[in-house]
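This report describes one protein chain for a reader who has not seen it before. Please look over the sequence and the structure first.

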Amino acid sequence: MNARPLARFWHPLYPLLGVLLLVHVAANGIRFTVLLDGVHHGASAVVIGLLGASFFLMPMLMSLRLGQFIDRHGARGPMLASGVLLSASALAGLAAGNVWMLFATAFISGIGQNFYVVTMQRATGEYGTGTERAVSYSL
């Protein structure tokens with residue numbers, strides 16, 4: 001009889017995937033809230049569109065450098081920074097008294113989500129070789 005019957009259903013990346021789920025929930029919740037708060041502050045449709053785009057501007061500009069940093073220094077720091085940045089963006093969103101503060105919230109949230117996603121991709125790539133790596137990316 002197998003001493004570990006559930007071992008075949010376990011993968012070492014499952015805890016990181018659980019955190020990734022929480023990161024996506026937090027980032028999407030912040031994004032939705034910031035856009036609605038922009039409407040509440042009376043921002044125009046163009047400003048709301050720019051506000052929505054600003055969630056992805058900094059990640060687009062930073063991804064390559066972030067990946068190089070993670071390659072050199074490891075994944076732990078950027079993963080922890082991700083949590084700090086998403087928490088800071090949530091607090092900044094609560095304190096937002098104007099549209100400019102909402103832009104800061106959007107930038108910080110986008111960077112925080114990007115830190116975790118890029119780090120997670122690196123961690124997934126490091127796990128296993130050949131078919132194990134393919135299985136990891138298919139999770």
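## Overall form

The model is predicted. The protein chain has five helices and zero strands, and its elements follow one another from the N terminus as α-α-α-α-α. Along the principal axes, the C-alpha atoms of the protein chain fill a box of roughly 65 × 35 × 20 Å. The radius of gyration of the protein chain is 18 Å, whereas a compact globule of 139 residues would have one near 14 Å.

Of the 139 residues in the protein chain, 35% are buried. The protein chain exposes about 8600 Å², and 70% of this area is supplied by carbon and sulfur atoms. Taking contacts between residues at least 6 apart in sequence, 78% join residues at least 24 apart.

## The nonpolar cores

In soluble globular proteins, nonpolar side chains tend to be buried together. The largest nonpolar core here has 18 residues. Those that touch the most other members are Ile-30, Val-34, Leu-51, Phe-55, Leu-86, Leu-102 and Tyr-116. Two or more residues of this core come from each of α1 (14-40), α2 (45-73), α3 (76-94) and α4 (99-126). Helix α4 gives the most to this core, with six residues. Another core, of five residues, lies apart from the largest one and includes Ile-70, Ile-111, Phe-115 and Val-118.

What is Leu-86 in contact with, leaving aside its neighbours within four places in sequence? The list is Val-23, Ala-27, Ile-30, Ser-109, Gly-112 and Gln-113.

## Residues inside the chain

Val-23, one of the contacts of Leu-86, is found in helix α1. Val-23 has a relative accessible area of 8%, under the 20% limit, and is therefore buried. Beyond its neighbours within four places in sequence, Val-23 is in contact with Ser-82, Leu-86, Gln-113 and Tyr-116. Gly-83 is 60 residues from Val-23 along the chain, and the C-alpha atoms of these two residues are separated by 8.0 Å.

Gly-38 is also found in helix α1. With a relative accessible area of 0%, Gly-38 is buried. Its contacts, leaving aside neighbours within four places in sequence, are Ala-43, Ile-48, Leu-51 and Leu-102. Leu-51 and Leu-102 are among the residues of the largest nonpolar core that touch the most other members.

Thr-119 has its place in helix α4. Is Thr-119 buried or exposed? Thr-119 is buried, because its relative accessible area is 0% and the limit is under 20%. Apart from its neighbours within four places in sequence, Thr-119 is in contact with Ile-70, Ala-75, Pro-78 and Met-79. Ile-70 belongs to the core of five residues.

## Distances along the chain and in space

| Pair | Apart in sequence | C-alpha distance |
|---|---|---|
| Val-23 and Gly-83 | 60 residues | 8.0 Å |
| Gly-29 and Pro-15 | 14 residues | 21 Å |
| Gly-38 and Gly-67 | 29 residues | 32 Å |

Gly-29, named in the table, lies in helix α1. At 30% relative accessibility, Gly-29 counts as partly exposed.

## The salt bridge and the surface patch

How many salt bridges does a search of the whole structure find? The search finds one salt bridge. Asp-71 forms a salt bridge with Arg-122, and the closest N and O atoms are 3.1 Å apart. The pair links distant parts of the chain, since Asp-71 is in helix α2 and Arg-122 is in helix α4, 51 residues apart. Asp-71 has a relative accessible area of 48% and is partly exposed. Arg-122, at 32% relative accessibility, counts as partly exposed.

A nonpolar patch on the surface is formed by Leu-57, Met-60 and Leu-61, which together have about 310 Å² of accessible area. Met-60 has its place in helix α2. The relative accessibility of Met-60 is 59%, over the 50% limit, so Met-60 counts as exposed.

Technical notes: Residues numbered from 1 in each chain as written. Predicted model: local features only at pLDDT ≥ 70, side-chain atom pairs only at ≥ 80, totals over all residues. Heavy atoms only, no water. Core = buried A, V, L, I, M, F, W, Y, C linked by side-chain atoms within 4.5 Å. Buried < 20%, exposed > 50% of the residue type's maximum accessible area, 1.4 Å probe, protein only. Helix = DSSP H or I, 4+ residues; strand = E, 2+ residues; numbered from the N terminus. Contact = heavy atoms within 4.5 Å. Patch = residues over 30% accessible without salt bridge, like charges linked within 9 Å, V, L, I, M, F, W, Y side chains within 5 Å. Areas by Shrake-Rupley, 256 points an atom, 1.4 Å probe, with all protein chains shown as cover. Salt bridge = Lys/Arg side-chain N within 4 Å of Asp/Glu carboxyl O. Rg over C-alpha atoms; globule rule 2.2 N^0.38 Å.
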